[in-house]
Amino acid sequence: MDISSSGNLALINNLNASPAGSVQSSAQLMVLKKAMDMQGQGALELLNSVPPQPALATSGHLGTQLNIYA
């Protein structure tokens, strides 16, 4: 299943071209919704995989004001 944005755009164009209420348009709409759900789920998984930033140091001269990562 193509879940790229260009695939979604083609699906939307086909959906607009088919008559309202047809079985084909209903099926295309279901596929479009499924593709968008899959994209959303993938984005959430990617965001959840990012590790949290470490906290600032609580004592000493370094790392108590600003965190800098290379």
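Which residues in H2 are buried? Before I answer, a word on the model, which is predicted, so that local features need pLDDT of at least 70 and side-chain atom pairs count only at pLDDT 80 or more, while totals for chains, interfaces and linings use all residues. Residues are numbered from 1 along each chain as its sequence is written, and side-chain values use heavy atoms, without hydrogens and water.

The protein has two helices and zero strands, taken as DSSP runs numbered from the N terminus, with at least four residues of H or I for a helix and at least two of E for a strand. In H2, the buried residues are Ser25, Gln28, Leu32 and Ala35, where buried means under 20% relative accessible area, exposed over 50%, and partly exposed in between, with a 1.4 Å probe and protein chains only. An α-helix has 3.6 residues a turn, so residues three or four places apart point the same way. Across the 70 residues of the protein, 14% count as buried.

Turning to the segment after H2, we find Ser49 there, and Ser49 counts as exposed because its relative accessibility is 51%. The side chain of Ser49 reaches the backbone oxygen of Leu46 at 2.7 Å.

Terms used
Polar contact = N/O pair within 3.5 Å; in protein donor to acceptor, adjacent residues only side chain to side chain.
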